[in-house]
Structures are given as C-alpha cells and as structure tokens.
Amino acid sequence: MDLQSGLPLLSQQYTSLLKKNFLLSWRNRKASFLQLLSPIFFMFLLFVIDKAFQARYSSSTANKSVTDPGTLISPPITPCEEKFFVKLPCYDFVWSGNGNPKFQTIVSRIMANNPGRTIPPSKVLSFSNAAEVDDWLFKNPLRCPGALHFTEKNATVISYGVQTNSTSILNRGHYEDPTFAFQLPLQLAAEREIARYLIGDPSFSWSFSFKEFAHPAIESFSVVGSIGPSFFLSIAMFNFVLQMDSLVAEKENKLRQAMKMMGLYDSAYWLSWLTWEAVITLISSLLIVLSGMMFQFHFFLKNNFAVVFLLFFLFELSMTGFAFMLSAFIRESSSSNTIGFFGFIVGILTQGFVQAGYPYEHDTSKAFRAIWSLFPPDPFAQGIHLLSQATSTPEDNGVRWSKRGECAPNDDTNDGGCFVTINDLYMWLLGTFFLWFILAIYFDNIIPNASGVRKSVFYFLNPRYWIGKGGDKVREGGVCSCVGSVPPQENITPDDEDVLEEENIVKQQAAECMVDPNVAVQIRGLAKTYPGALNIGCCRKCKRTAAFNAVKGLWVNFAKDQLFCLLGPNGAGKTTVINCLTGITPVTGGDALIYGHSIRSSTGMSNIQKLIGVCHQFDILWDALSGEEHLHLFATIKGLPPSYIKSITQKSLAEVRLTESAKVRAGSYSGGMKRRLSVAISLIGDPKLIILDEPTTGMDPITRRHVWDIIENAKRGRAIVLTTHSMEEADILSDRIGIMAKGRLRCIGTSIRLKSRFGTGFIANISFHGNKLEQSPANSDATSTRNHETVKQFFKNNLDVVPKEEKSAYLTYVIPHDREGLLMNFFEELQNREEEFGISDIHLGLTTLEEVFLNIARQAELESAAAEGSLTTLTLTSGESVKIPVGARFVGIPGTESAENPRGIMVEVYWEQDDSGALCIAGHSRQVPLPPTVELPARPPLTRRRSLRRRSEVVDGIVIEPSQVNTVNF
C-alpha cells in the first residue's frame with residue numbers, strides 16, 4: 001500500500017484537520033454557541049442603551065428637523081408640585097414689596113387671572129424686600145420655582161424683577177428649562193397685571209405667544225459611534241481568546257508534535273486553522289451586521305451593507321492573525337484569558353484616543369500613526385467613527401460602496417482634504433492581517449517548542465528552505481540566550497565485551513558503507529549534549545546553565561523482525577535517544593540511519609516520519625475526539641489512501657479491543673484504554689519502525705497480556721524499540737536488551753545472556769513439608785527447626801553460602817556463578833536426601849532481570865560518583881559523623897585508636913538507590929578492628945585528632961580496598 005505524498009497528502013491533511021477543528025468546536029458546544037451568539041447579545045445591549053438615550057432626549061427637538069415650529073401662547077404659572085424636584089409643602093411663587101398696597105393688588109390679580117387655574121393664597125408667600133426672599137430661599141431650597149420683586153419709582157412707573165434658578169433639569173426623557181417653565185410665565189403675568197393696573201382697565205386684553213426657529217437636526221449622540229467600538233471589541237475578544245486557547249492547548253499537550261511526527265505538513269496545519277477561524281469570523285461579522293439592522297440602528301441601515309460587513313470582517317480577521325502571532329509566545333493555555341483581558345483593556349484605552357481624533361489627524365507623524373494602527377482595534381475604531389459620522393443626522397444617507405474611496409460625509413477631520421477613507425482602512429486591516437499571520441509562522445519557528453527546539457532566526461534566508469531540500473536546521477535554547485560551545489565528546493572504550501563487539505560491528509559497517517539488509521536502524525555514535533547557555537532575562541537577570549551530556553556515543557543496530565528493549569533508570573538517556581530518532585531533538589554528534597535515511601537530514605527525516613509509528617510515554621489525545629476519530633485523523637495525516645482508512649481504522653480498533661468504545665470520547669476512557677488507543681495509533685499505516693515508550697502503563701494484567709500479543713505479532717516485517725520499567729515485560733517480549741545508564745550503553749544481549757553475565761548467580765528455593773497431623777505443634781516446630789539447620793549446614797559445607805531469605809516454610813539462596821561447576825553433584829545429592837531433610841520442593845533458576853538492571857544502574861552510579869569525587873556523610877550508630885566518597889564499601893574511622901584496637905576500627909557501608917536512581921546510605925555493619933593487612937595513609941598527630949573528636953567535627957573516612965579485608969567477618 002503506497003502512502004500519499006505531495007499536494008494530494010497536503011489536501012488530505014488539510015481536510016482532516018478542518019474536520020477535527022469542526023468536531024472539537026461541536027463537542028464544546030457551550031463555548032461555540034457563546035462565541036457565535038455573543039454578537040446578538042452585545043448588539044441587544046447596545047439597543048437597550050440606545051433606547052435609554054432616546055428616551056432621555058425625547059422631549060428635545062434638537063435631534064429633529066423642525067420645518068413648522070409650534071406656537072406657545074400665554075403660558076400659565078404651573079403648580080409647584082409639577083416641578084421635577086421639589087420639597088413639600090411648596091409655593092408657586094414668592095414676592096417682595098408687601099408693604100405697598102399697589103403691589104398687593106397686582107399680586108392678587110396675578111393669582112386670580114392665571115390662565116387655566118386660580119392660584120390659592122396658601123401657595124404664595126410675601127416678603128417686605130428682596131433680601132428677605134433670598135434669606136428664605138437659602139433656608140428652604142427646592143420649595144419655590146420663582147420669585148417676583150416689585151419697586152415703585154413714581155406714580156406712573158412700576159418696575160419688577162424675576163428671580164428663578166437657571167439650572168436645566170432632565171427627568172425621564174423630559175427637560176425642565178426654568179426660563180420657559182417659570183421665568184416667562186411669571187414675567188408675562190407681572191407685565192400683564194402691571195399694565196392693566198396702570199391704565200386702569202382690569203379687562204385689558206393681553207396676549208403673548210412665541211415659537212422656536214425652524215432648523216435642521218443637529219448631529220445626534222450615536223451609541224454605535226461612541227461606545228460601539230468597545231462592544232464590538234468585546235465580541236472580537238471571544239474569538240480572540242478561544243483562538244489562542246486552541247492553538248496553545250495543542251502545543252502545550254504536544255498534540256501538534258505528535259501529528260508532526262506522523263508527517264504533518266506545517267502548511268496544512270496553519271491553513272486548516274486559518275480556514276476554520278475565517279469561517280467563524282465570517283459568521284460573527286454577518287450576525288453583527290444583521291443584528292444591527294434588526295435593532296434598527298441607522299448606522300447599519302443607512303450605510304451600505306457591504307461597506308459595514310467588510311469593515312467588521314477585516315477587523316476580526318486581523319484580530320485572528322494577531323491571536324495566531326501571540327500564541328507563539330504562550331506556553332500554557334490558561335494564560336490565554338489573561339492575555340485576552342489585557343488586550344481588551346489596551347484596546348479600550350487606544351480606541352478612546354481614536355474617538356478623540358488621535359492620531360488620525362494632520363498633526364501626527366505618519367510613522368507614529370502607522371505604528372499605532374498595527375493594533376487592529378485602532379483602525380477599526382476610526383472606521384466606526386467615519387461610518388457613524390456619515391449617519392449622524394436624519395438627512396445623512398451613509399457611505400455607499402462606490403464612495404468608499406472618498407471622504408466620508410461629516411468627516412470632522414476633513415479640512416480641505418480627506419485624511420483617511422474607508423477604503424484606506426480596508427487596506428490597512430488586510431495588511432495587518434497578513435503581517436501578523438506571517439509573523440505567527442515566523443515566531444512559531446524561532447521560539448523554542450515544547451522540546452526546547454527552534455530554528456535559526458534567519459532560517460528563511462536559506463534558499464534550500466524554500467525548495468524543500470533542507471535549510472531548516474534546528475537548534476536549542478531561547479532566542480535571547482547565548483548558547484555556549486559544546487564540550488568535546490569523550491572517547492570512552494566500553495567496559496563490557498558485548499557492547500564493545502556491537503560497537504565494532506557498527507563502526508565496521510559504517511566505514512565500509514555496508515548495508516545490512518537485516519538491520520532496520522543503525523545508530524552510529526549518536527551523541528546528544530545540551531550546551532550551557534546564558535539566558536538573559538528581564539531587569540538584566542542572567543542565568544547560566546552548565547552543559548549536560550545526555551547521550552555519550554551510542555553504537556548499536558536494531559534488527560528487523562526483532563524487538564529491542566532499551567532499559568535504564570531515569571536520566572539514563574533513553575528518552576533522548578527516542579527524541580533524536582523521531583526528530584524531536586537534534587543530535588549533537590554521530591548519526592542514525594533508519595531504513596537508510598539519515599536523521600540529520602531534513603529530507604531524510606521527512607521520509608523517516610512516513611516509516612515510523614510512536615507510542616508516547618504519556619497519552620497524547622484530544623479528550624473531545626473518539627477513538628475512531630483519532631485513528632482516522634492520524635491515518636489521514638500518515639498519508640493512507642482514503643479508500644483504506646475506514647477498514648484499517650476498524651481493524652486497529654479490533655486489535656486493541658476498543659471496537660465497542662470506538663465512538664466514545666477519549667476523555668471518558670480509562671488509563672488502560674487510552675494506552676491501548678496510543679498503541680493502535682503507533683501501528684496505524686503499517687510503519688516499518690515502531691517506538692513504544694512504556695506502552696502498557698496503567699493496564700490490568702489481562703489487557704497487558706493482550707497488548708503483549710499485539711506487540712509480538714507486530715514484529716513480523718518491522719523493527720520495534722521498546723522502553724519499559726517492567727522487567728517482566730522486557731523479559732517476555734524482547735529479542736535483545738540494552739541497558740543504558742549515565743548516557744552510555746552498559747550492556748547488550750539476550751535476557752539469558754544478561755542474567756548469566758550480570759546477575760549475582762543462581763537462585764535456589766528450598767521448600768519444606770508442612771506440619772504433620774500426628775505430630776504435636778511443639779514436636780513439629782522442633783522438627784522444622786532441625787531440618788532448617790541441617791539444610792543450612794549442608795549448603796554451607798558444600799557451597800559456602802548462607803540463606804538470603806529464611807522463612808518457616810522455605811529457604812532462599814543466592815549461589816554465585818563461580819560455584820556453577822559444583823551444582824550438578826550438589827543438587828543430585830540434595831534431591832536424594834529430600835526425605836531426610838523434610839524437603840518438599842527444590843527450585844533452581846537464574847537471577848531476575850530486575851537484579852541485573854539494579855546492578856548495572858548501581859555500577860554506573862558508582863563510576864559517576866568516583867569520577868565526580870562526590871562525598872556524603874556517614875553517621876555511625878555511636879553518633880559520630882564521617883565524610884566518605886559516594887559508593888565506598890569499606891571505611892576506616894580516624895581517631896578510634898585505643899589499647900584494645902590499636903589500629904582503630906572500620907565498618908562496611910550498605911548502599912541503596914533512591915527514587916531518582918542516586919546512591920544513598922542504607923546503613924552500616926557493626927564496628928570491627930582494622931586488620932593488620934590494611935595499609936593506612938599518613939595521619940596527623942594524635943593530639944590533633946583527639947581535639948577534633950572532642951569538638952565532634954566531621955572527619956574524612958579512610959577508604960579501604962575490598963581485597964584487603966577478605967578475612968574480616970562483619
């Protein structure tokens with residue numbers, strides 16, 4: 001079955017990724033519907049605010065075109081209770097001059113002749129002069145709307161004054177203007193009654209009317225133009241945050257890395273996300289415009305539909321590019337909300353400047369204006385401002401599509417020449433989108449990924465990059481770090497003869513350019529060193545890291561039709577080797593050929609990714625996708641022909657017993673089911689090399705055995721590399737085993753070979769008969785003890801070994817390899833004396849693979865500690881402390897000389913490994929005298945040593961060679 005490649009594969013990956021994006025959005029329906037319905041919600045809020053403003057100014061004619069103003073004739077003095085804000089009891093008016101009878105007559109006529117109603121005396125207060133009125137008004141605020149002050153200059157001249165508050169009041173959409181509501185009625189009433197009094201005709205007709213000018217509507221307050229940009233920015237922020245979250249989540253969870261290892265094209269990845277977000281942007285923009293038209297905003301009704309829609313679409317598209325760019329800098333999806341909130345605050349502030357006319361004015365430099373406009377909300381706010389100005393009065397008809405390149409109507413920046421047009425803003429938003437999208441791809445390449453790998457800052461200048469023939473060499477460390485030189489690799493000759501033989505075979509094949517048809521992977525001196533770097537942080541904070549040799553020259557062949565098990569403690573270099581083979585991490589030295597393709601070549605790695613399948617140590621899955629959808633997606637990325645994908649998917653599900661759960665989301669799977677799905681993904685597409693990193697973690701024993709069968713069957717026609725912490729799994733599945741420690745291959749061979757060479761020897765289990773019914777418990781215990789002692793003496797006399805473990809029912813012995821020649825006769829005699837010794841069963845076997853693993857790891861730790869000169873403190877049971885080298889077995893204690901022990905004392909130190917594999921002290925033996933055969937180094941005088949002991953200082957212990965204490969009994 002031939003895999004797809006080139007444009008067909010690109011199209012296939014693009015379609016599958018687009019489907020994946022749709023499924024993820026559909027499965028997360030709450031967020032998706034909130035994202036799509038947010039335009040309607042925010043437009044409804046704008047509608048409510050707009051209606052509130054309209055109600056507030058409903059009584060004013062300033063926002064209306066008035067061609068035939070109405071006439072107001074002789075307005076009456078209104079009751080004080082009708083004033084908007086008043087305290088009760090209140091008065092219709094107060095007056096001064098009550099000492100003059102003429103004024104009393106005039107005021108009484110004002111009260112009696114008020115149009116529409118007579119003012120009762122209780123609603124009027126009189127004072128002698130204006131000062132008293134002012135004093136009363138000061139002490140009684142909000143109790144009277146107006147005052148009259150009368151003065152008689154002579155018999156024919158009466159003057160008056162009107163006193164009212166000048167503050168206009170707005171209440172529930174109605175204005176209360178003191179000039180028209182109180183001043184004019186009082187003024188007309190006083191003039192009318194003064195005139196009638198002076199001419200002596202109380203029925204003299206006095207009529208007065210007035211009306212406003214005919215006028216066009218002034219520019220009204222536009223809710224869309226003023227606070228609309230902030231609401232539209234809020235809508236865009238929903239898409240903005242979700243876009244960043246989706247991209248960062250795939251990077252954070254290494255989903256993109258997993259797809260990349262299966263052969264994903266970066267172009268297919270970015271195009272799929274761009275297409276999906278463009279569709280969401282299109283729908284969002286349509287909903288905004290249609291909602292605005294539904295709520296009858298003049299902004300949307302009068303401006304051309306295409307003009308308004310394109311402005312919103314290009315704005316949200318530019319924000320999409322901006323989100324893509326920022327996602328390259330974010331490592332955790334939880335940070336997306338923080339970035340989105342910060343962007344919203346900055347957008348609100350900058351849009352406020354734009355609404356105030358800055359920087360889109362003639363006084364601002366073009367360079368600053370260009371930099372300002374790189375932030376998409378700013379040119380968008382200017383576009384909203386121009387379109388809002390074009391519909392600010394009822395007579396305005398908005399911007400037509402054909403006029404988009406001309407000055408917008410009522411553009412307040414147009415003083416003899418158009419400053420910026422709608423078409424200019426279109427071009428700017430489209431340009432910023434391409435700018436941010438290109439920068440997103442660029443930063444995605446030069447900023448370290450989840451594995452700390454990036455490309456050169458100038459990778460795009462290499463012509464080979466553009467023709468697909470390399471030029472995309474990767475490197476490690478951040479952009480703002482000065483990577484130090486890589487220390488030269490040590491040329492270490494392997495201590496183990498099998499490792500040395502393997503290395504010589506690989507070197508010979510490499511030197512002769514020999515191609516072994518039975519070899520799938522040939523690793524040629526693979527080395528990986530993480531160089532030291534000086535990371536430059538903020539505020540001049542620098543952090544220097546030392547170089548670390550993770551892999552130190554690995555030479556090994558992985559044969560076809562075999563499973564090679566790579567074992568080692570944490571930090572041994574296993575994962576680094578796998579990362580180098582799969583292209584996640586670049587190698588420092590050496591090379592590896594996978595079916596003839598070099599991992600150091602970008603072209604070779606592209607071919608390798610088509611040949612390999614990887615089951616990662618941790619499940620890299622989408623919780624929202626089902627098992628079937630995962631396999632379909634990875635089969636498509638791998639390049640399987642579409643006609644085969646469905647059948648291969650069903651077959652893979654059946655192999656790992658997930659057929660019944662095929663349509664269940666992976667987030668609902670148990671840990672074992674997820675591991676089985678990961679194994680199925682690694683086997684998809686018939687890969688020639690399968691890398692399984694702890695594939696059976698979390699599985700129950702039955703499922704584990706089934707997966708072992710799958711792995712065993714998968715060996716035919718391909719090579720498998722397995723890492724595991726289960727020695728049973730390695731023992732059963734592996735054809736060859738290699739154990740790494742401290743970056744080096746320490747041993748290699750079959751399981752039996754390793755056990756025989758690196759194990760402690762043979763394990764003998766001697767089981768005894770149980771208690772006999774006819775014997776009393778006391779007699780039975782005595783017999784059992786006698787049998788135990790007899791067998792122990794038999795082993796001691798013939799093999800010189802003591803039990804490693806002793807229980808009432810059995811004894812366990814570890815028999816060294818050097819006693820192998822005695823075993824046949826020994827066990828033949830033991831079997832003949834079974835009845836005599838009360839033995840029920842004898843079991844003899846090799847040491848376990850786990851013991852081999854621990855021995856190798858312990859030896860590596862000892863070598864490392866010796867090379868580094870590491871020291872630790874040994875605390876004796878007597879409370880004294882001694883500094884000793886890590887791994888030292890026999891130690892002499894300085895300052896312990898006495899008459900009984902003239903040479904001092906010594907102990908045997910017991911070591912164990914902690915969870916990280918490092919050696920730590922487990923205890924020590926009893927203190928014994930130093931034998932005379934031990935040669936001691938020169939020591940300081942006795943007085944000095946005694947003073948040290950008195951002060952309980954930590955002294956340096958004396959390391960003793962094991963060959964010098966063979967006769968010491970601890």
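1. On a 1 Å grid over the protein atoms alone, a cavity is a set of points where a 1.4 Å probe fits but cannot get out, and its lining residues have an atom within 4 Å of a point. Grid points are joined across faces, edges and corners, and a volume is the space filled by probe spheres set on the points. By this rule there are five cavities of 30 Å³ or more.

2. The model is predicted, so that local features need pLDDT of at least 70 and side-chain atom pairs count only at pLDDT 80 or more, while totals for chains, interfaces and linings use all residues. Residues are numbered from 1 along each chain as its sequence is written, and side-chain values use heavy atoms, with hydrogens and water left out.

3. The largest cavity has a volume of about 110 Å³, and its lining includes M261, H616, F634 and I681. At least two lining residues come from each of α8 (255–261), β19 (612–615) and α22 (671–683), where helices (H or I, at least four residues) and strands (E, at least two) are DSSP runs numbered from the N terminus.

4. By class, the lining of the largest cavity has nine nonpolar, two polar and no charged residues, counting Ala, Val, Leu, Ile, Met, Phe, Trp, Tyr, Cys and Pro as nonpolar, Asp, Glu, Lys and Arg as charged, and the others, Gly among them, as polar.

5. The second largest cavity holds about 80 Å³ of space, and K251, R256, W270 and D444 are among the residues that line it. To this lining α7 (228–252), α9 (266–294) and α11 (305–327) each supply at least two residues, with α7 giving the most, three residues. The lining of the second largest cavity divides into six nonpolar, one polar and three charged residues.

Methods
On a 1 Å grid over the protein atoms alone, a cavity is a set of points where a 1.4 Å probe fits but cannot get out, and a pocket is an open set with protein on both sides within 12 Å along at least five of seven lines; lining residues have an atom within 4 Å of a point.
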